[in-house]
Amino acid sequence: MAEVHHHDDEDEYLRSELALLQFSDANFKSPLSPTLFIDIHDEPTTNSGSESDSSSSSQSEQVEHPKDEWLPITESRNGNAYYAVFHILNSNIGFQALMLPVAFATLGWAWGSVCLSIAFIWQLYTIFLLIELHESASSGKRHSRYLFLAMSAFGDRLGKLAALFPVMYLSGGTCVILIITGGGTMKQLFKILCENDNGVQTCSAHSLSGVEWFLVFTCAAILVAQLPNLNSVAAVSLLGAVASITYCTLFWSLSVKKGRPEGVSYSTTLVSQESTMVKISDIINAIGIIVLSFRGHNVVLEIQGTLPSNFKETSKEPMRRGVTISYILIAACVFPLAIAGFWAYGKQIPDRGLLMAFPQFQKQEVTKFTIGAIYVLVILHCLCSFQVYAMPVFDNLELKYTTIKNKKCPQFVRTCFRLLFGGFTFFIAVTFPFLPSLAALLGGITIVPVTYAYPCFMWLAIKKPRTKGAIWCYNLILGCLGMVLSALLVAAAIRNLADKGLHANFFKP
């Protein structure tokens with residue numbers, strides 16, 4: 001009878017802990033039960049030999065929550081600094097950087113360069129804050145998901161309120177935009193290959209509709225997404241990183257090599273504006289293009305979560321090396337794109353940036369093969385980047401399943417989850433093909449706080465530096481500036497939409 005009562009108590013305790021799992025990350029020191037966890041205690045034991053063995057074991061390896069081995073982000077922790085480089089480059093460099101010359105057309109050479117440098121240093125600083133906050137050797141806790149870190153820092157309710165929508169949008173919403181961009185680029189690639197300069201089709205193949213191109217891209221992305229975990233996507237991220245670096249380099253180098261179009265002017269677009277309010281709005285929108293050109297903070301903790309860690313050698317050092325290498329390459333792409341792109345096209349740069357300017361101005365100087373190759377690289381990068389940004393969504397879906405079922409997600413269910421996600425993102429992409437037009441508004445709500453503000457506040461909440469000390473003031477000021485910048489970008493984006501309108505082509509990509 002007592003044994004039955006003991007099992008009932010243990011089952012009730014297990015259920016309560018499973019419920020708490022929704023709001024916590026890998027907590028290594030507190031075991032759920034002796035059958036599920038390796039118990040680590042700091043209290044002295046009567047047996048000095050067992051005490052020595054326990055101490056040696058605790059120093060050599062952190063004991064992980066068993067559910068971490070069931071979830072796609074932390075299923076494999078055998079990554080290294082090079083894998084981190086691949087994932088960071090794949091998730092950070094992207095088509096949004098092709099918009100940088102548009103910002104320079106408004107801000108000019110000097111202020112454009114200053115703002116780009118500040119944004120680069122600012123977001124690099126917050127990445128290093130996240131790396132430090134990922135784990136604590138003293139407490140044995142790893143936060144391998146951005147949302148869980150926010151909840152640990154701000155509390156369950158405030159953390160979810162502040163970070164849940166931004167993190168989910170920056171995963172699922174980014175995948176939607178990748179479908180729109182990748183599918184649209186596929187359509188342009190077909191046009192390049194099968195039409196002559198006069199728009200007459202030269203091959204017998206029938207062009208697909210916008211919806212069909214979106215479907216082709218989504219099917220390819222979900223096929224690759226059947227890879228089981230984030231570590232297994234390392235080769236895909238390497239391909240995406242190579243593709244992104246290559247097409248960024250081709251864009252700026254060919255723009256410089258082929259020369260500038262006639263009549264290029266470097267006077268800012270503000271000269272033609274008479275209203276002070278319009279000028280202020282244009283400046284804020286240009287700053288927004290720059291700060292939104294850096295992304296990937298919402299998956300930094302997830303990437304670090306794939307690295308091995310123990311009490312002697314944590315994951316911080318390899319992650320720092322990975323970030324350092326990555327950002328040297330990112331700087332080598334972003335700064336030439338902005339400067340050379342503005343040099344080549346001046347204020348004639350189209351609103352959609354280099355992706356439209358290059359074929360528009362250089363069509364006669366560059367072969368179809370070159371333009372087609374660039375489009376193929378953009379498509380490849382969109383496909384590869386999709387995998388990294390979709391992984392937190394897959395992880396969250398499987399977390400819900402394991403919480404309810406208390407077992408690892410079967411392969412069939414995992415496949416169904418990923419097919420369901422692919423179908424949902426495809427539906428959103430078809431329904432809202434104008435979503436990239438809302439990038440400034442949604443980016444101000446999501447990317448700016450997650451990238452520029454929250455890491456500073458989380459550092460203050462978790463590390464608790466001396467109040468009113470230099471570090472405390474520095475992070476508080478940066479965090480507040482990030483929130484102010486977010487509010488300004490949202491206001492400017494709303495004003496821009498009210499002034500220019502929105503081409504809401506529902507279901508007509």
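In the predicted model, helices α8 and α13 cross in a left-handed manner. Helix α8 comprises residues 234-257, and its axis lies 8 Å from that of α13, at an angle of about 145°. On the α8 side, the contact is formed by V236, S237, L239, G240, A243, S244, T246, Y247, L250, F251 and L254, while α13 contributes T370, I374, L377, V378, L380, H381, C384, Q387 and V388. By class, the residues of this contact comprise 13 nonpolar and seven polar, with no charged residue.

A second pair is formed by helix α3 (residues 81-92) and helix α11 (residues 316-345), whose axes come within 8 Å and cross at roughly 40°. Helix α3 is therefore oblique to α11. The crossing of α3 with α11 is right-handed. From α3, the residues in contact are A81, A84, V85, I88, L89 and N92; those of α11 include P318, M319, R321, G322 and V323. Twelve residues of the contact between α3 and α11 are nonpolar, three are polar and one is charged.

Helix α14 was examined for its length and burial. This helix covers residues 411-431, and its 21 residues should span 30 Å at 1.5 Å a residue; the end C-alpha atoms are 30 Å apart, so the two values agree. The buried residues of α14 are V413, R414, F417, R418, F421, G422, T425, F426, I428, A429, V430 and T431. Among the elements that cover these buried residues are α6 (156-194), α7 (210-224) and α13 (368-405).

Terms used. Residues numbered from 1 in each chain as written. Predicted model: local features only at pLDDT ≥ 70, side-chain atom pairs only at ≥ 80, totals over all residues. Heavy atoms only, no water. Axes fitted to C-alpha atoms, helices over the stretch in contact; angles between N-to-C directions. Helix = DSSP H or I, 4+ residues; strand = E, 2+ residues; numbered from the N terminus. Parallel < 35°, antiparallel > 145°, perpendicular 65-115°, else oblique. Left-handed = near helix turned anticlockwise from the far one by under 90°. Contact = heavy atoms within 4.5 Å. Nonpolar A, V, L, I, M, F, W, Y, C, P; charged D, E, K, R; others polar. Expected span 1.5 Å × (residues − 1). Buried < 20%, exposed > 50% of the residue type's maximum accessible area, 1.4 Å probe, protein only.
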